[in-house]
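Here is a short tour of one chain, written for someone who likes to check geometry by eye.

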Amino acid sequence: MSALCPPPSPAVAKTEIALNGYSPLLAATFAYWDNILGPRVRHIWAPKTEQLLLSDGEITFLANHTLNGEILRNAESGAIDVKFFVLSEKGVIIVSLIFDGNWNGDRSTYGLSIILPQAELSFYLPLHRVCVDRLTHIIRKGRIWMHKERQENVQKIVLEGTERMEDQGQSIIPMLTGEVIPVMELLSSMKSHSVPAEIDIRDTVLSDDDIGDSCHEGFLLNAISSHLQTCGCSVIVGSSAEKVNKDSTGSFVLPFRQVMYAPYPTTHIDVDVNTVKQMPPCHEHIYNQRRYMRSELTAFWRATSDEEMAQDAIIYTDENFTPDLNIFQDVLHRDTLVKAFLDQVFHLKPGMSLRSTYLAQFLLVLHRKALTLIKYIEDDTQKGKRPFKSLRNLKVDLNLTAEGDLNIIMALAEKIKPGLHSFIFGRPFYTSVQERDVLMSF
């Protein structure tokens, strides 16, 4: 048995996390494969509640389930396998990321998992990609930590002449705790503050007699257009809870790290001053995101103290990367799709179902245009076997000559077929300004 493994005991170290509001997450676990004892749980993170949702023994059993059969795992070095379990007999779902790690010379298989009730399946599925991306980055940092711990312990053994250092490998748990907590907070926040699946049009500005009754026409046009151009991702801020349709205390500071970790670019809408800002398009956002993550891992590797590893300071420690903290820019591309929709929807009588029907029809048209765009590109490129070179023809054939129209449909197509935006604009990489010049040249 590895020297790093604690003595056999039914007790597993556990950290209870205090969260605001209801948490859809039952627990998160960090487990490893022991060559003698088999799957073992190293640590458990669970929301702090008065009601015991799962006992430690049940959590341990579920976590062990994810590592069963991994003794014959044959994967490339650095590979991370994502496993998704739905255990109806236990009434839970488990999302587990399996990876190999070299911890103080002991190479083994590890698993970082989250456990949710099966009743939260429909809630979790739209967030699966976000959670997997976040957990994957945690594992990357964990591997660096394991390697650093190995080097430090070897140096201590050489200097102090000891055969075994006490508390070897324990320091990775605080690091994982600092990374797991934001994931738990994210799921809790999405559960309590997410936009409802169905919204009554009477609660929106589209129910007014005239667009001027609610807000300035240009502001509403920019807000809807930018929201669609950024794949339907927006952050709305303001001092009035009624305006933003959620609880608000006034001032709001958007965390740079959380915005960069988002899978899609974001629109920033301020209802107090009627301003709309947006992040660069998908391919540039992904490029900046990977640069930031890589710089974060590099800084983490070079850090020599816990203070240097703080998330607030880590973006400044890499000399080769200076993050652009002013990542929001004005809405550069105008569209005709949203403008025509707003011009027409307010001609319909308010208080009737006509506006809701017209809105549903508008969204259906956008969806069909996105599917048509995907099919057009697949046919032109033989499903990605050759580069796409007929952007001019695409814009004319699909009636997307306005840059904003193309951005809206491309964003919808990106959500249907991830990577499409980078395939079109990412070879070579264009910044948002360069992309505008390219679009104007066609």
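Predicted model: local features only at pLDDT ≥ 70, side-chain atom pairs only at ≥ 80, totals over all residues.

## Charges over rings

K191 sits over the face of F123, 4.9 Å from the ring centre.

## Aromatic pairs

Searching the whole structure turns up six aromatic pairs. One of them joins F99 and Y110: the ring centres are 5.7 Å apart and the planes meet at 25°, so the pair counts as stacked. It connects distant parts of the chain, with F99 in strand β5 (residues 92–103) and Y110 in strand β6 (residues 106–117), eleven residues apart. F99 and Y110 are both buried, and ring pairs tie them together with F30 in a cluster.

F341 and F362 also make a stacked pair, at 4.5 Å centre to centre and 20° between the planes. Here F341 belongs to helix α10 (residues 337–345) and F362 to helix α11 (residues 354–381), 21 residues apart. Both F341 and F362 are buried.

## An open sheet

Now to a mixed sheet: four strands form it, open, in the order β7-β8-β9-β10. β7 (234–237) and β10 (329–330) are at the edges with a single partner strand each, so one side of each has no neighbour in the sheet. β9 (residues 275–278) pairs with β10 in the antiparallel sense over two bridges, and K277 stands opposite D330 in β10. Helix α5 (residues 217–229) lies across β7, β8 (267–270) and β9, at about 20° to β9.

## The whole chain

The chain has 15 helices and ten strands. Of its 442 residues, 46% count as buried.

Definitions and conventions
Residues numbered from 1 in each chain as written. Heavy atoms only, no water. Pairing = 2+ DSSP bridges. Contact = heavy atoms within 4.5 Å. Axes fitted to C-alpha atoms, helices over the stretch in contact; angles between N-to-C directions. Buried < 20%, exposed > 50% of the residue type's maximum accessible area, 1.4 Å probe, protein only. Phe/Tyr/Trp six-rings, centres within 6.5 Å; stacked < 30°, edge-to-face > 60°. Lys NZ or Arg CZ within 6 Å of the ring centre and 35° of its normal.
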